[in-house]
Structure formats: C-alpha cells, structure tokens
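Subject: Handover of a structure

Hello,

I am passing this structure on to you. Please look through it first; my notes follow below.

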Amino acid sequence: MKRIQKERDRLLRKLARIYGLTGAVGALLCVIVPGTTTGIQFAAVTLLSVAAGAFVFLHTERGGVPTAVGVVAVSAALIGVIGTSSALDPVLLTALGVTASVTAPSVAITLVVRHRGPSLVFALASVILATVVIIAVTGDPMPAVVISTIAGWAVAASLALALNAAIASASARIDEVGRAHQAERLASELEARQRQDARVLHDTVLATLSLLAHSGVGVGVGALRQQAGDDARLLKQLRLGAPLDKTSDAIFSPEAEEDILGTTFESVRQRFARMGLDVNWHGAGQLTLPRDTLDALLGALGECLENVRRHSGVNEADVTVTDDERTVRAMVTDAGNGFEPETVSRGRLGYSESVVGRLSTVGGRARVFSSPGSGTTVMLEVPKP
Amino acid sequence: MSATTTRAGQQPFRRPSRSALAAGDVRERHGGRRLATGVTITAAIVIAADLLRAMMMAPFYPVGVGPWAAWLSLAAILCVGVVSRLVSRANPLPDWLYVLLLVALAVPVWLDVTATWGYLDRGVTPTAAAAAGAVLMPVAAIRGTKVPLAVACAIGVVLATSAFLQAGEAGEYIVVGLAVAVSAVLPTLLAVVAINGFRSLVGRELDLSLVQSTVSTAPSAVGMQASEELAKLDFDAETLLDDVGSGRIAIPLPTAAAERAAAVAARLRARLIEGRTDTWLKHAVTESAYLSNRVVVDDAEGAAGLLSQQQRDGLLLALWLLVGERRKAPAEPIAVRLRCPAIDDDHTTPHVVDIEIEVFGVVLRRLDPATWEAVDSVGRHVLVAEAESFRIEIECQANTASSASATVARDAANPRGS
C-alpha cells in the first residue's frame, strides 16, 4: 500500500475516534443520569455503552472490519435495549439518538474508503436504521431520531469520501511537483558543477579579492584595476553561460589533461606579473595529471606565490616542476625575508586550508623550509595516477 | 559537529520559487478545493437535517413565527456569503466582509434561542442555531480553521447556557438541549480536524517528495543550497570586482570595501573547499522543512554517498517516519552517524558503512512497522534500547558496483587534513 494511503487511514481513524468516542461517552452520560433506568436495565445499558466505546477504541487503533462490525452490533443492541424499555423519557431517547447517529456511524469514516466500502457502510447503516425504524413503528414515533440517524451516517461517509478524494488528487499532484523539482535540482547541480569546475577562475578571483581586502596596497593601481576588470568579465561570462574564447576556456574548465598545464601555468605567471611578482618557470611543461589533482596543485601553487608576493619582500620567485614515476613535485622558492616555520601556527587558515587542504584532498602534501633572512622554499607533492 | 550543520540551522533553506509555488498550489487548489467541496456537501447534510427537525417542531411553537425568523436570517447570511464568494472567485473574501458575516451569525442564533426560550420542557430546541455551527464547516475549509472553530464553540456555549438556564422547568429535557449544543460544535470540530490533518499530511508528503530528489544525486553533489550560495557569492565578487575595475571604487580601497572583499573571499574560499564531504543526506536534511531542525547528520567521511539508491531511499524514509512519531517538543534532535570502519590508505572503495541512528522522544512500540521495513532495506540492523532513547545500528553493505562514480565517492570519503 502506498504510504500516503496509510497516512490517510491514520487520519480517518483519528476522525472516527473523535466521532465515535463523543457518541459513546455521550450515551454513557445519558444512561447514568439518575432516575432514568433501574436494576438490570441500568446494568445492561451501562455495560453496552462502555462496550461500544471500547469497540470504537479498538477499531480506531488498527482499523479492520471485525471491530467495526462489533461497534455496529453493540450499538444496535444498545438501541434495542433502550428502545424496548417501557417508558422512553427524553434522556433515554437522547442516548438512543446519539448511539444511532454518532457512535455507530463513526465506523463509516474508516470503512467507506475501502474496497467495496460504500456497500459495506450501506449495509451497516441499514442495520442501525432498521432497528431505529422498528422501534419507532412499534413504540414511540421518534422522527427526530430517524432523521439524525440518516444524517449521522451521511455526514460520516461524505466527510471521509471528501478527504479521500482530496488526498488522491493532492497525491497525484505531489508526484508531479516532485518530478518538476527533480528537474530543477538537476539544473542547479549542473550550474554548481560548472562553477566549481571553474577552479582556476576562482583561484584568480580569490587572489584578487585578497589584494582588495588589503586595500590594494603594494600593487600598481592600473594593474589591479585591470585584473579586477578581467575577473569581473570572466565571472559575468560564467554567470551568463556565454560562449567562451580559447584562453578563458582553460580558465573555466581545464578538461584536456595534457596540453593544459602550460597554458594554465602561463595564466598564473601572467596574473602575478601584473601584480608585480615575476615567476620563473623551470622544468616540465607537460604533465599528465587527473583534473582534480591538477586543480589542487595549481591552486596550492597560486596560494604559495601569493604568500611570496605579500610577505617575502622580493619581486621574484622560482617554480621548479619535477616528476618521477609516482609523484609530481613543484617547488616554490624565493630569496626573501623568510620566517621561522615554528612561529607560524599550523592552524592559520590561509596556509592550512588553501595549500595543505587542497593537496590532501587529492592525496598530496606540502612541506615548508624556511628560516629568517634566508628565503623560503615550499615543496608541493601530488601523486601520479 | 561540522560547520555545515550549524550553518543549516542559521539559514533556513528556501526552495526555488517555482517548486515552492507548486507546493502551495497543491495544498490550496488541487486537493484543497476538492476537500472544500466535500466539506460543503457534508455541511449541507447537517443543515438539511436541522431544517427537517425545524419543520417537525414548528407545530409545537406556541405563538409567533416559530423557528422561521432565525432560518430566514441564516439563509440571508448564507446567500451573501455564497454570492460574494462567487463574485470574488479568484481572490479570497475581504477580511471585513468575512468578519461581518461571522458576527452576523449571532442574529440567527439569538433569534432561535429567544424563539425557543421557555419551551425546552416540550422538547422544542434551537435548530437554526445548530445549523449556524455547520455553516462554519466550509468556512474552515476555505479560510483558517481557528476562527470558525472558536465561533462554533461560542455558539455551542450559548446553546448549552440557554439549556442550563431553563433547567428549572425543563427537567430531563435539559439533556436534549445539551445534545443540540454539542451537535452545533461536533460537525465543525470534525471538519477542522480533517482539514488540519489534510493540510499537514500534504505538507509532509510534499516535503518528502521534494527532498527525495536528493537521493539520486551523485555522491559528491553540491546540493541546491550550496549551489545557490555559490552563485550568490560569485555574483557578489563580480559586482565588487567590476566596481573596482571600472573605477567606481577608488584604489587604495576604502575600509568598508576592503572588508567586503575580505568577507566575500573568506566565504567563497570556504564554500569552494568545504562541502566536498556533503552528501545527498546532508542536502536532504538541510532542504527539508521537517527534517532540518529535527535531525543532525554526522558524516565527516561522506559515507552516505556510498549507499545505493535503494539504501538511500530506505534511510531517508526511516528518518522521515521516526521524525513523524516524535512527541511535541523533545529537546534532542535525532542523531545520524555514518562511518566507514575499514577506511585506510589503499585506494579501494570501502565496502561497509556503519550507520547509527540515535532517536530521542519516540515511543518504540508506537513506531510504524514501515520504519523497520525501510531500515531493513538499508542493511542489517540491531536495536539498542536505553532509558530515554533508543539506537538503531545498521551495518550496511555499500554496493560499489552501482555507486555512480566510485572514485568521486572515494575522494569524498577521504577528508582533507587527516
């Protein structure tokens, strides 16, 4: 069974419980009003009212036909016992009416939505109505009770059918909305992927933003302005999904794994040249690396160069790329101020997140060699596939 | 707990507007209209029964117009309500008219009570006043449920009071009077329970169906919230860079602009680096209105990404049903912990995922059996019951063959800085 139908049945049972227990409690309150019944009749009607309530409780706990039949049978018995009493006073008449029009019909709420439910409900309603009519014909003509019995069953059944129809209609629509949302998600995933794939672009954007965060001190105004303008243009291209020219294609999605290294190294070099740091390139220009690894290496490299630019006090750095069967190494060397690696806490976000973090996601690592006054060397290692 | 869970707490996820709109649509239109129609039919049955009773009782009214003044005024109110509803089909009724109609219901109630006053001992009870209670049923289906229910209760109280005040002469007939008072409230109460139940049921199911779309995503998918955030950060950066590039912001930068640049850079960096271990499960919890504050996911290794689609479905549904069984306001959220016990440095994909679900505020025996079906579709489970809570431990065989891309999963499962 579909889950939504289970939920529907649970709601219907709750409604049936409210309806049925109201009736059972009401009838019980009526029959224990002093002076209405005595002796054996009092015992019988009290017992039957309690039993009706118990059956309603059982039925609305788990559902099912047998307990529903129990509710109706006990109700019919209660109606019969009250109806055959010698003097039908208004209190007993009320108890009878409440049982016929509230307690017994409560099972219609849960039953009517079942397979062949309507005919079952009709049969049960006929039993109660027949009992009431027989009493009305043979004894007290109680038209109000007959009317409210019919109304009680009709109300219970129609409310349950309305709820059932509403839930069925909503359920169909929910499936549609779910599918539409799935499409929406796929589109958004695709967009996010494109953005994340543009890691080289984000690296230069981050570098430029860091410069701006330091108010752009130490960089030529014209160069910074041009760099910012270029980055803004590329971000806009990314946002609009416009067709890309060849160089920016490399920046957006470095897909070709071989020839790309030279191009992207070149773009890193140009970026730092514009900001006043000359990067000298040594060693391998072509490396076959998986895209993730390449991105991580280039990103870490960019961060190292940014640190050189900002802290070393020199305007020149060397990058040496070497490789053997298992690893690719990139060494960033400067002849600047240097520092005592121990004094810089490992937790500083810039280095640990952007260099160590990037490399370790692809299984690589970084080591720093430096001492005050004798420059700094950072060794970046990533594994080959 | 990682930063992502706290962020989810601070910033509630907002769905893309189209999905949100469609979601509201289901509740208001598709099912809601049918329910309103059905409730109106039910109300009509109640009113018809009351009218029949009035017809039968009319001869017993000693003098005057009998119950008809009250019924005519009720009919007039109904006419105004129905006609204005038809006229303003698309828009809801203006509030002032709504309030006016509700207040006007006092007229038939008052007319009915005064017409029957003093005749309870002959079995003459209010009829139109009870019908006025039923009139509120469709109102509850169309507008909020609280006000109609309150008005129905007020009518019930008035009828009960009038019955008590006549207790002296009426004797045993007071029971009949009280029964009529209850009959004025009961139909509306039922309708309100049905309508509220329907609305929350649809809301829950809808939320689940929207969140289920996370199940089929790739192991390292970014999630809608993250991708929204990334787009926004990119746009912020673009705006700032463009302002600098075009000279609208001077160099050196003013402090405010520099701080803005620092903030955007920090968030963008965090967004690009973190979130790689976020999986469909985290997205599902973040994006769901029902799960977001009630479930905490601890999955540092991104192990949820290793589960097959069927296992994901089962896990999500199990969490769903567990949350559904929670009592009103337990302090502790349900905690889900996922671990790959056999994780080491050889480059193989882990085969086993251990899942622990620590559940607070749920009565074990009240759980829907479907919960265990769902749990079993994830893996073999062991149940550990404690005083205040219970724990479901699932040992789950990750189906490596079916996982969308094992290498990506492996990357996600291997956190940085380990």
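Helices (H or I, at least four residues) and strands (E, at least two) are DSSP runs, numbered from the N terminus. By that count, the secondary structure of chain A comes to 13 helices and five strands. Residues are numbered from 1 along each chain as its sequence is written, and chains are lettered from A and ligands numbered from 1 in the order in which they are written. This is a predicted model: local features need pLDDT of at least 70, side-chain atom pairs count only at pLDDT 80 or more, and totals for chains, interfaces and linings use all residues.

Confidence

The model scores ipTM 0.75 and pTM 0.70. The pLDDT is the predictor's confidence in each residue, from 0 to 100. Chain A has an average pLDDT of 81, and 86% of its residues score at least 70. Within chain A, helix 5 (residues 106–111) has the highest confidence, at 92, and helix 10 (residues 246–252) the lowest, at a mean of 47. The pLDDT is below 50 over residues 243–250 of chain A, a stretch with nine contacts in the model beyond near neighbours in sequence; two residues are in contact if their C-beta atoms, placed from the backbone, lie within 7 Å.

For chain B the average pLDDT is 78, with 80% of the residues at 70 or above. Residues 1–11 of chain B have a pLDDT below 50 and 13 contacts beyond near neighbours in sequence. Residues 401–418 of chain B are also below 50, with 48 such contacts. Where pLDDT is low, the predicted coordinates should not be read in detail.

Cores and burial

A residue is buried if 20 or more other C-beta atoms lie within 10 Å of its own, exposed if 12 or fewer, and partly exposed in between, with C-beta atoms placed from the backbone. Buried residues make up 48% of the 385 residues in chain A. A nonpolar core is a set of buried Ala, Val, Leu, Ile, Met, Phe, Trp, Tyr and Cys residues joined through C-beta atoms within 7 Å. The largest such core has 168 residues, and those with the most contacts inside it include Ala108(A), Ile109(A) and Leu319(B). Helix 9 (residues 174–211) of chain B gives the most to this core, 23 residues. A second, separate core of 61 residues includes Leu301(A) and Ile249(B).

Leaving out residues up to four places away in sequence, Leu319(B) touches Leu291(B), Val295(B), Ile334(B) and Val336(B). In chain A, 14 of the 14 residues of helix 4 are buried, so this helix is largely enclosed by the rest of the structure.

Where the chains meet

The contact takes 80 residues from chain A and 80 residues from chain B. Helix 7 of chain A provides the largest share of the side of chain A that touches chain B, 34 residues.

The sheet in chain B

Five strands of chain B form an open sheet in the order 1-2-3-5-4, with mixed pairing; two strands pair if DSSP finds at least two bridges between them. Strand 1 (295–298) and strand 4 (380–385) of chain B stand at the edges with a single partner strand each, so one side of each is left without a neighbour in the sheet. Strand 4 of chain B is joined by six bridges to strand 5 (residues 389–397) of chain B, and the two run antiparallel. The bridge partner of Arg380(B) in strand 5 of chain B is Glu395(B).

Regards
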